[in-house]
Structure formats: structure tokens, C-alpha cells
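The following note comments on the structure shown below. The points are numbered and may be read in any order.

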Amino acid sequence: MKSLKDRGFFHPVPSEITPRRVFEQRRRLLQAAATAAAGTALGLWAARDARAAMAKPPGRLAALPGAKSEVAGAVTMEKLTAYDDVTTYNNFYEFGTDKSDPARHAHRLKTRPWTVAVEGEVGKPKVWDLDELLKLAPMEERVYRLRCVEGWSMVIPWVGWSLSELIRRAEPTGNAKYVEFVTLADRAQMPGLRSSVLDWPYVEGLRLDEAMHPLTLLAFGLYGEVLPNQNGAPLRLVVPWKYGFKSGKSLVKIRFVEKQPATSWVVAAPHEYGFYSNVNPRVDHPRWSQATERRIGEDGLLQRKRPTLMFNGYEAQVGQLYAGMDLRKFF
């Protein structure tokens with residue numbers, strides 16, 4: 001057996017360190033650093049190209065392209081979750097509580113005609129037609145992480161525009177402190193409404209400054225096409241730093257209010273769900289640890305769970321919204 005020395009683990013100390021030797025060492029170090037940097041750059045280009053290839057519209061629904069967003073933090077370079085996973089693994093209890101129920105039953109949903117009422121503490125209340133909303137602002141592609149409170153996650157290329165575009169046009173009054181979002185509740189189209197798991201309609205809410213944040217998205221599509229019914233067609237909220245249930249689907253009403261809304265999951269289980277529901281690896285749900293997450297599509301036997309990122313990786317963009325707050329108390 002070769003010794004460690006023979007295998008190259010030890011190197012003789014030079015008897016004399018000359019300027020030429022120092023120069024050669026520096027040259028080799030610089031060359032190695034340049035090679036490593038080039039490899040990193042190539043890796044980023046490869047990741048970008050792979051993401052771009054994956055984000056091509058699948059050709060199943062009407063096209064809805066969006067320009068690349070310039071909003072800080074709006075485009076992660078992580079590998080996208082496959083379209084088939086995004087559209088078949090869903091929580092949308094109006095169509096059933098099993099992950100596959102929405103894909104099986106949401107074909108019943110009729111997304112035309114569709115209107116969204118904007119009301120409450122605003123100077124300009126209005127009932128918006130879907131076609132008006134589609135034209136209200138330029139569509140953008142936002143590639144967001146989606147984190148479920150159940151401990152799984154996805155990366156999804158959404159299409160839409162910042163909710164603040166609509167809020168500004170509504171002109172909230174000085175009494176508007178919160179925004180309440182109400183989802184369609186139609187028993188003829190949504191078989192899950194027969195269940196008493198929640199009080200219907202589904203209601204969610206944000207503080208006004210959260211709703212105004214540029215990352216808060218009103219989404220009309222994903223993967224370059226209009227939203228599939230099971231993903232919240234024809235329009236839904238996406239708040240990437242909060243757990244997924246905060247992002248209401250198939251919205252029919254946006255109401256500006258003075259007091260914190262009584263949201264569906266807080267009403268159903270206040271000891272388990274808080275109003276804020278920010279992704280926080282240090283605050284567990286009673287039934288699920290939030291320290292790690294399982295990325296859908298990476299379910300190999302030896303695949304390790306990912307560590308959960310504070311605010312789902314958007315701390316630099318949204319952390320200031322919660323400065324000084326006790327995030328265990330206001331969970």
C-alpha cells in the first residue's frame with residue numbers, strides 16, 4: 001500500500017522561497033480563481049437557460065405572456081417545479097381536501113363571465129370585469145417560491161401584476177388598515193363546499209402595507225398561460241413570503257376595512273393559524289415542523305429536505321414590514 005506521502009498528501013517544504021516561486025504561486029492561485037469564477041458563471045447561465053426552457057408555455061391553455069419583472073426579488077433562479085406537479089398537487093378545498101381533488105373537479109368552474117368587486121373604505125369602489133383587469137397593467141413574469149404550511153414547497157412562474165396597481169386606483173381612505181379577500185363559493189360548481197371543514201366563502205386578509213408591497217401579486221396565469229382552474233382561475237393572490245393558504249384563489253371580492261379581517265383558517269383553528277402566517281423556520285405549526293421543507297419534484301429516496309428560509313427567502317425585501325414585532329406572538 002502506498003504511503004500518504006506517496007499518494008500526494010504531503011509536499012516537501014521548499015528549501016528557499018524565491019521571488020520567482022512566489023510569483024508562480026500567485027499566478028496559479030489567480031488562474032484557479034478565474035477558472036472557478038468562470039465555472040460559476042457557466043453554472044448560472046446553464047441554470048437560467050434550463051429555467052427558460054422549462055418556462056415555455058405547455059400549450060394546454062390560452063397564452064398569457066409576461067415581461068420579465070424588474071421588481072426586486074421577483075425572479076428566483078431556482079429550478080422550476082414541473083407544470084404537471086404544479087397543476088395536480090393542490091390545496092383548493094372548494095373542490096375537495098385531497099391534493100388531487102382540484103385537478104379532478106375544477107373543470108366545473110366557469111371563469112367567464114367573471115367580476116371582482118372592490119369595495120369598503122375606498123374613494124373609488126368599482127365592480128371590475130375580468131377583461132378590464134387583464135388590461136389594467138402590463139403583465140409580468142414572477143418566479144416565486146411557494147411554501148405550504150404543511151412543509152412542502154414549489155417554484156412557480158406566475159404571470160400578473162402587483163396588487164398595488166389596483167389599490168392605487170381604488171384610492172383607499174384613511175380608515176383602510178386591512179384588505180380582505182373573498183373567494184367564490186358556488187355549490188353548483190364547487191363540490192367541496194358540502195364539507196364543513198371551513199366556513200364558506202373562503203376569506204383571507206393582509207395589512208394594507210403588505211398588500212401594497214410590490215411583491216404581492218395579483219396573478220392571472222402561470223407558465224405563460226392563463227391559470228388552470230385548479231390553481232385559482234381566473235385570478236388569485238400570490239404573497240410569496242407567507243404560507244400558501246394566505247393567497248386566496250378565484251377571487252370575487254376585495255374589501256378595504258378598518259379592523260383585522262376574520263380569516264377562514266384563524267376562525268377554524270386560532271391556536272394553529274395566525275393572521276400573519278409569515279414563513280418562519282423558528283415557529284412551528286402544531287402538526288408540522290417549519291424548520292425544513294420538501295420540494296415537490298425532488299422526492300427521491302435519498303433526497304434531503306431543504307432548510308426553510310426566513311420569510312421564504314424574501315427577508316431582504318419584506319423584513320422591514322415586521323420590524324419590532326414579536327413574530328412568535330404575531331404568527
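In which sense do strand β2 and strand β11 pair, and over how many bridges?

1. Strand β2 (residues 115–120) pairs with strand β11 (residues 251–257) in the parallel sense, over four bridges. Two strands count as paired if DSSP finds at least two bridges between them; strands are DSSP runs (E, at least two residues) and helices are DSSP runs (H or I, at least four), numbered from the N terminus. Val118 has Ile254 of β11 as its bridge partner, and Glu119 has Arg255 in β11.

2. Basis of the note. The model is predicted: local features need pLDDT of at least 70, side-chain atom pairs count only at pLDDT 80 or more, and totals for chains, interfaces and linings use all residues. Residues are numbered from 1 along each chain as its sequence is written, and side-chain values use heavy atoms, with hydrogens and water left out.

3. The sheet. β2 and β11 belong to an open sheet of five strands, in the order β3-β2-β11-β6-β7 and with mixed pairing. β3 (126–129) and β7 (203–207) are at the edges with a single partner strand each, so one side of each is left without a neighbour in the sheet. Neighbouring strands of this sheet are turned by 20° against each other on average, direction ignored; the axes are lines fitted to C-alpha atoms, and angles run from 0 to 180 degrees between N-to-C directions.

4. The hairpin. β2 and β3 run antiparallel and are joined by four bridges. Five residues lie between these two strands, which form a hairpin. Thr115 stands opposite Asp129 in β3.

5. Aromatic pairs. The whole structure holds 13 aromatic pairs. Rings of Phe, Tyr and Trp (its six-membered ring) pair if their centres lie within 6.5 Å, with planes under 30 degrees apart counted as stacked, over 60 as edge-to-face and the rest as tilted. The ring centres of Tyr83 and Tyr223 are 5.6 Å apart and the planes stand at 90°, so the pair is edge-to-face. Tyr83 lies in helix α2 (residues 83–86) and Tyr223 in the loop between β8 (217–222) and β9 (225–226), so the pair ties together parts that are 140 residues apart in sequence. Both Tyr83 and Tyr223 are buried (under 20% relative accessible area, with exposed over 50% and partly exposed in between; 1.4 Å probe, protein chains only).

6. Tyr276 is in the loop between α7 (264–268) and β12 (292–295) and Tyr322 in the segment after α8 (315–318), 46 residues apart. Tyr276 and Tyr322 are buried. Ring pairs link Tyr178, Phe275, Tyr276, Phe311, Tyr322 and Phe330 into a cluster.

7. The largest pocket. Its volume is about 480 Å³. A pocket is an open set of points on a 1 Å grid over the protein atoms alone where a 1.4 Å probe fits, with protein on both sides within 12 Å along at least five of seven lines; lining residues have an atom within 4 Å of a point. A volume is the space filled by probe spheres set on the points. The lining has 29 residues, of which Asn91, Phe92, Gly244, Phe245 and Lys249 lie nearest the centre. Strand β5 (residues 152–162) gives the most to this lining, with four residues.
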